[in-house]
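Here are my notes on the model. They go point by point, with backbone, helix packing and charged pairs taken in turn.

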Amino acid sequence: PLSSLACRAARRPLSSLACHSARRSVSTSAAPIYDVAVVGGGAAGLSICALLRKKAPDLRIGLIEPSGTHYYQPAWTLVGGRAFDAAQTRADMASLIPEQVEWIQKEALEFVPEKNELRLREEEGKSSPLRYKRLVVAPGLELDWGAIEGLEPTLGRNGVTSNYDFSSCQYTAELVEQLSATAGGRRPRAIFTQPPMPIKCAGAPQKALYLSAHAWESAGAAVDLTFCSAGPALFGVKEFVPTLQGYMDRYGATECYGHTLVAVDGQARRAKFQTADGQLVEKEFEMLHVVPPMRAPRCVRESPLADATGFVAVEHDTLRHVDFENVFAAGDCVSAPNAKTMAAARKQAPVVVHNLLQDLAPAAARPTEAVYDGYGACPLTVEKGKVVLAEFGWGGQLMPSFPGWLIKNTAPSRLAWAFKRHALPWFY
């Protein structure tokens, strides 16, 4: 259940690259009508395009995705831990789009579901329409770097880094090595933050801490570690907490819950946090690993498709929109309370495709609707060479993919590390 494609996440908009062939890039000036329009070329969007092509090859499918580059983001934590090559996390978008899927390399600006239409960004502030019979919304999440005062100008320097950014995850590895070489004098201070939920891959903030701490432990370096989380607990599924707490204790990390990062002064090496009771607390650092708050993209959160939280309002089991029956959503942008991971997107994709194609079948031939079971997974890299393979569904119900004698999913495992480090990138 864990094999899946990568989500695209970039701190700044990526300049579009030339298409591999004119066949895959289409003009939208004539407002074409697609049998299915898919917004988003990340894990969910590409998986859905591939499944649609396999199951219904005669459909006209349009993929709306402005970026020419696709990222395998789950490996960025490994890049920060010197366990993966950053260059291997990047691929040309055109090479991943299935044959006969038309790539519209433009940004979706506005959804107009009552007209079965969306509007695309054009040059000089203009927009153009694209019409559809069925719509799949899968643009992922927007990383709100600007919500933390002073962060953007200092990210990637002054000891401020993030494994949620392609260029900065390499800087993470540099900082870990710098602190490993520190000898004598005052112990360097490293802070790892986690923002309020929801975020993509909720385990990633502490993965960065564990891999860094293991490197310092291996080098015999004494570093003051602090984990500052906006949440009330270490992890949202209680069965995994004892193991993770054991690693926090092993690495000597101070845990500060109810602490939300609100400002950074990179030159002064100071971070400001707001506590759950509204107080402001400053902490000094030599290394600050930041995870920014996240939200649905503007085109989603300001559209008729959004619920009160800004995410696409779907039926949690069928992933169909609650008001527009020809609209579906998958991936990180959905309102369902599942963990926002690639593993979840991989499980959602066949549900969306099944239910979408069911609508196109004659009424007498329609099968039962497919149902998403809330599955999500988070391979927690607790040290270099060991992973806790956390898999769970609705309400935190454990949903292991392997028998306990092979991989016990609440315990660290070398086999689970091999699965994450070698098998999953190979599947990708």
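Is arginine 270 buried, partly exposed or exposed? Arginine 270 has a relative accessibility of 33%. Buried would need a value under 20%, and exposed a value over 50%. Arginine 270 therefore counts as partly exposed. Bear in mind throughout that this is a predicted model.

1. **Arginine 270 and its partner.** Arginine 270 forms a salt bridge with glutamate 284. The closest N and O atoms of this pair are 2.9 Å apart. The pair links distant parts of the chain, 14 residues apart. Arginine 270 sits in strand S15 (residues 270–275), and glutamate 284 in strand S16 (residues 280–284). Glutamate 284 has a relative accessibility of 35%, so this residue also counts as partly exposed.

2. The structure as a whole holds 22 salt bridges.

3. **Arginine 187 with aspartate 224.** These two form a salt bridge, with the closest N and O atoms 2.9 Å apart. They are 37 residues apart and link distant parts of the chain. Arginine 187 is in the loop between H4 and S11, while aspartate 224 is in strand S12 (residues 224–229). Arginine 187 has a relative accessible area of 41%, so it is partly exposed. Aspartate 224, at 33% relative accessibility, counts as partly exposed.

4. **Lysine 106 with glutamate 122.** Here the closest N and O atoms of the salt bridge are 3.0 Å apart. Glutamate 122 counts as partly exposed because its relative accessibility is 24%.

5. **Arginine 119.** Where does arginine 119 lie? Its place is in strand S7. With a relative accessible area of 23%, arginine 119 is partly exposed. The cut-off for buried is under 20%. Its C-alpha atom is separated by 4.5 Å from that of proline 129, which is 10 residues away along the chain. Leaving aside neighbours within four places in sequence, arginine 119 is in contact with Glu107, Ala108, Leu109, Glu110, Ser127, Ser128 and Pro129.

6. **Helices H4 and H5.** At what angle do the axes of H4 and H5 cross? The axes of helix H4 (residues 166–180) and H5 come within 9 Å and cross at roughly 30°. Angles under 35 degrees count as roughly parallel, and H4 and H5 are therefore roughly parallel to each other. Their crossing is right-handed. On the H4 side the contact involves Val176, Leu179 and Ser180; on the H5 side, Ser212, Ala215, Trp216 and Ala219. By class, 5 of the contact residues are nonpolar, 2 are polar and none is charged.

7. **Helices H1 and H8.** Helix H1 (residues 43–55) and helix H8 (residues 342–360) pack at an angle of about 40°, with their axes 9 Å apart. That angle makes H1 oblique to H8. The crossing of H1 and H8 is right-handed. H1 contributes Ala43, Ala44, Ser47, Ile48, Leu51, Leu52 and Lys55 to the contact. H8 contributes Met342, Ala345, Ala349, Pro350, Val352, Val353, Leu356 and Leu357. The contact of H1 with H8 has 13 nonpolar residues, 1 polar and 1 charged.

8. **The loop between S11 and H5.** Which peptide bond here is cis? The bond from methionine 197 to proline 198 is cis, with omega near 5°. Proline 198 lies in the loop between strand S11 (189–194) and helix H5 (204–219). Cysteine 201 has its place in the loop between S11 and H5. Phi of cysteine 201 is near 50°, a positive value in a residue other than glycine.

9. **Arginine 82.** Phi of arginine 82 is near 55°, again positive in a residue other than glycine. Arginine 82 is found in the loop between helix H2 (76–80) and strand S4 (90–92). Its relative accessible area is 46%, so arginine 82 is partly exposed.

Definitions and conventions
Residues numbered from 1 in each chain as written. Predicted model: local features only at pLDDT ≥ 70, side-chain atom pairs only at ≥ 80, totals over all residues. Heavy atoms only, no water. Helix = DSSP H or I, 4+ residues; strand = E, 2+ residues; numbered from the N terminus. Buried < 20%, exposed > 50% of the residue type's maximum accessible area, 1.4 Å probe, protein only. Axes fitted to C-alpha atoms, helices over the stretch in contact; angles between N-to-C directions. Parallel < 35°, antiparallel > 145°, perpendicular 65-115°, else oblique. Left-handed = near helix turned anticlockwise from the far one by under 90°. Contact = heavy atoms within 4.5 Å. Nonpolar A, V, L, I, M, F, W, Y, C, P; charged D, E, K, R; others polar. Salt bridge = Lys/Arg side-chain N within 4 Å of Asp/Glu carboxyl O.
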